[in-house]
Amino acid sequence: MIEILVGSQMGAAEYTAEQVAEALEKAGYEVKLHLTPELTQLTRNSVWLVVTSTYGAGDLPDNIQPFADQLAQNGGDLTTVSFAVITLGDTSYDTFCMAGRTMAALLTQNGANSLLPNLEIDVLQADLPEDQALNWLPQFIQKL
């Protein structure tokens, strides 16, 4: 089971997550999309894929902030969780992709195992974020 945790303020990260979920399902994986992630609703013996944008001054989007707060306050033992992070950001800001870095740090602090370095997508590039994520997907699948 791959749990996809979405943090999206304007919709781009949500669309990217939907495209990734569809590709993973076509590859034969069971996927569950969480548009408002709740720690109690996630399977601990699974892979969590965080797909989030960075908002404001390096902030997490409103819909995933409560989840991040849960992790920060008492995420519990996540040693059975493996994760990866896809972050959308804008390189013209010094807080480029900070939301993804924050999520990775919170997961790691609670014992989760990172499968590979964060994919940090610059929304100023010509390639669409979902296309960049789909190009990265084979690396992710190889680690499963």
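This note goes through a helix, a strand residue and a pocket of a predicted model.

1. Helix α2 spans residues 65–74, and its buried residues are F67, A68 and L71. Viewed down the axis of α2, these buried residues fall within an arc of 100°, so they line one face of the helix. An α-helix has 3.6 residues a turn, so residues three or four places apart point the same way.

2. The buried residues of α2 pack against three elements, namely β1 (2–7), β3 (47–53) and α3 (98–109), whereas A72, Q73 and N74, on the other side of α2, are exposed. Just after α2 comes G76, which takes a positive phi of about 75°.

3. Is T87, a residue of strand β4 (residues 82–89), buried or exposed? T87 counts as buried because its relative accessibility is 0%, the cut-off for burial being under 20%. Once its neighbours within four places in sequence are left aside, T87 is in contact with T52, T54, C97, G100, L119, E120 and I121.

4. The largest pocket has a volume of about 270 Å³ and is lined by 19 residues, of which S53, T54, Y55, L88 and G89 lie nearest its centre. Strand β4, to which T87 belongs, supplies at least two residues of this lining, as does α1 (12–26). T54, one of the contacts of T87, is also one of the residues nearest the centre of the largest pocket.

Technical notes: Residues numbered from 1 in each chain as written. Predicted model: local features only at pLDDT ≥ 70, side-chain atom pairs only at ≥ 80, totals over all residues. Heavy atoms only, no water. Helix = DSSP H or I, 4+ residues; strand = E, 2+ residues; numbered from the N terminus. Buried < 20%, exposed > 50% of the residue type's maximum accessible area, 1.4 Å probe, protein only. Contact = heavy atoms within 4.5 Å. 1 Å grid on protein atoms, 1.4 Å probe; cavity = no way out; pocket = protein on both sides within 12 Å on 5 of 7 lines; lining within 4 Å. Points joined across faces, edges and corners; volume = space filled by probe spheres on them. Arc of directions from axis to C-beta.
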